Amino acid sequence: MNFKLEYLLIFLFCSCDNLELPKPNAYLRLDFPSPTYKEIVFENYGTTIELNTASTLVKNIINTTNTNSLTSKSIAYPLINAEIKLEHYNLNKNIKLNDRLKRLNDFTSIHLKKSSNPPKIQEFTNQNKKVYASIINIKGDVTSPSQFYATDSVNNLLIGILNLKSKTKYDSVLPALEYIKKDIYHLIESIKWSDIK
């Protein structure tokens, strides 16, 4: 073996000690508090729901319309920078179920145009409590990844829209969305209409 080859081999072995490898993919770790559910009442109607008070702030929204048919609440998630807007309608001849569901469908369609995936729709029915609900989950970088409604199909309609307050990538907010989804499921399962005994 000649001198140059030995020198080259020594150089290669010495330089391999500091071999840099690419960093592995890292995911954001989010720790959310365990949910603590508390009953909340829609004042005008006596309809109740249970909300996660461990990670949310609830406030009433003053409606600018001169109707007693609508009560709104805002459920803020400060840790996630998200909000669920809840609207409770007293169905009557002026506020019809089909009209409100069409408005919700139009709103959902706007967000579906920004997603490359079909929505995931989940149905919920509780005959004893007269709760018939649907949850629409949209994958993709949309500002409203979940919308839902629940109704007794006669007197009451509850519509919920989840809004993300900051522009984010879907993959990065997925753990937060899963946390909120559990709260939405619990909310729907806990509904008690005031006129259903």
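This is a predicted model: local features need pLDDT of at least 70, side-chain atom pairs count only at pLDDT 80 or more; totals for chains, interfaces and linings use all residues.
Next I looked up which residues of α2 are buried, and they are Arg100, Leu104, Thr108 and His111. Looking down the axis of α2, I find these buried residues within an arc of 75°, so they line one face of the helix. I then checked what covers them, and the list includes β5 (82–90), β7 (131–137), β8 (146–151) and β9 (156–164).

I also tested the length of α2. Its 16 residues (97–112) should span 22 Å at 1.5 Å a residue, and the end C-alpha atoms sit 22 Å apart, which agrees.

Then I turned to salt bridges, and the count comes to 5. One of them joins the side chains of Lys102 and Asp106, at 3.2 Å from N to O. Both residues lie in α2, 4 residues apart, about one turn of the helix. I have Lys102 down as exposed at 51% relative accessible area, and Asp106 as partly exposed at 37%.

Another pairs Glu39 with Lys192, 3.6 Å from N to O. Glu39 is in strand β1 (37–42) and Lys192 in the segment after α3 (170–189), so this pair ties together parts 153 residues apart in sequence. Glu39 is partly exposed at 41%, and Lys192 is partly exposed at 46%.

My last entry is Glu87 with Lys85, whose closest N and O atoms are 3.3 Å apart. Here Glu87 is buried at 17% relative accessible area, whereas Lys85 is partly exposed at 35%.

Conventions
Residues are numbered from 1 along each chain as its sequence is written. Side-chain values use heavy atoms; hydrogens and water are left out. Helices (H or I, at least four residues) and strands (E, at least two) are DSSP runs, numbered from the N terminus. The expected span of a helix is 1.5 Å times one less than its number of residues. Buried means under 20% relative accessible area, exposed over 50%, partly exposed in between (1.4 Å probe, protein chains only). The arc is that of the directions from the helix axis to the C-beta atoms. Contact means heavy atoms within 4.5 Å. A salt bridge is a side-chain nitrogen of Lys or Arg within 4 Å of a carboxyl oxygen of Asp or Glu.
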